[in-house]
Amino acid sequence: MKTEILKLLKESDGYLSGQELCGRFGVSRTAIWKAIRQLEEEGYQIEAVRNKGYHFIGSCDIMTKTEIKSCIKGKFGRDVEYHEVIDSTNIRARRLAEEGASSGTLVVSDCQSAGRGRRGRAWVSPSGKNIFMSLILRPDILPASASMITLVAALAVYDGIKNVTGLDTGIKWPNDIVANGKKLCGILTEMSAELEGIHYVVVGIGINVNMEEFAEEVSQMATSLLLETGEKVRRSRLVAAIMEAFEQYYEEFISQGDLSGLISVYNKHMVNTGKEVRILDRSGDYTGVALGINEKGELLVEVQPGEVKHVISGEVSVRGIYGYV
């Protein structure tokens, strides 16, 4: 009930009377008053005026299950599990998926103690600053197609950041969101599957949101939304915006069975397009010009006129000739 009251207050232009809320939820005025007090204790500013009712004034950067659910508009993230601290949202999401959690279930944490990025790298996870979330999916696709979901997630993060902050970021193939040549977000996709089918996919997303500074060893390649925009971002609102965009892109991907319907929008946002890149391959590094992606999400790299290599996500790393991008 508390979540629904918060959502109604946010959506209302004026005051909502206690009587109206009582009738909607079938509870007493005392129960409504207690829910309002709980919201105020969590940091919400709610004005109470006799004979008028309650009016939502605003809130700071609140990250709770109630706040996240009050911001969610679509199916993805409607079922959400929130933690103050967790080892890893991906680990928890995998456990929930094994226990039968439905597609679209979202795990969010304010802080991670064992976050990981690509190739097992640690992901710095302080409290009260960033977004750490993992989405459970159960796509009816072949396991070989699962890597494309990472690119779908990158598009969703791009849209979510743009819609909430106005910041125009870019995608460094396949799954890093960057701003001014520095990394804002990483995405880690894991799956449980058999030869002919997928049990579940977990998409982990970590975003540097309100970080004021970074350790010296990563300061040259990492940034945050706060540093790029000069303004603090309400993380719950950003989580919801990303989930809304993800749902739309994911449905397009599933309907096509590949990225054919998303190639143009992805290439438009990809910072590597048309640039010379260095491919770090186990069999030997090489350079070429990134042309964009194909319907499988592979990076097309022209190594010499007329010779184009198809680079597969997860098997290599891509860098700019003179730096990270």
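## A buried asparagine

Asparagine 272 counts as buried because its relative accessibility is 0%, where buried means under 20% relative accessible area, with a 1.4 Å probe and protein chains only. This residue lies in the loop between helix H9 (263-269) and strand E10 (276-280); helices (H or I, at least four residues) and strands (E, at least two) are DSSP runs, numbered from the N terminus. Apart from neighbours within four places in sequence, asparagine 272 is in contact with Ile171, Lys172, Trp173, Val277, Ala290 and Val318, contact meaning heavy atoms within 4.5 Å.

## About the model

The model is predicted, with local features needing pLDDT of at least 70 and side-chain atom pairs counting only at pLDDT 80 or more, while totals for chains, interfaces and linings use all residues. Residues are numbered from 1 along each chain as its sequence is written, and side-chain values use heavy atoms, leaving out hydrogens and water.

## The sheet

Seven strands form an open sheet of mixed pairing, in the order E3-E4-E5-E9-E8-E7-E6, where two strands pair if DSSP finds at least two bridges between them. At the edges are strand E3 (80-83) and strand E6 (170-172), each of which pairs on one side only.

Within this sheet, strand E8 (residues 182-194) and strand E9 (residues 197-207) run antiparallel and are joined by ten bridges, and isoleucine 187 stands opposite isoleucine 205 in E9.

## Cysteines

The count of disulfides is zero, a disulfide being a pair of cysteine sulfur atoms within 2.5 Å. Cysteine 111 is buried, with a relative accessible area of 13%, and cysteine 185 is buried at 0%.

Terms used: Buried means under 20% relative accessible area, exposed over 50%, partly exposed in between (1.4 Å probe, protein chains only).
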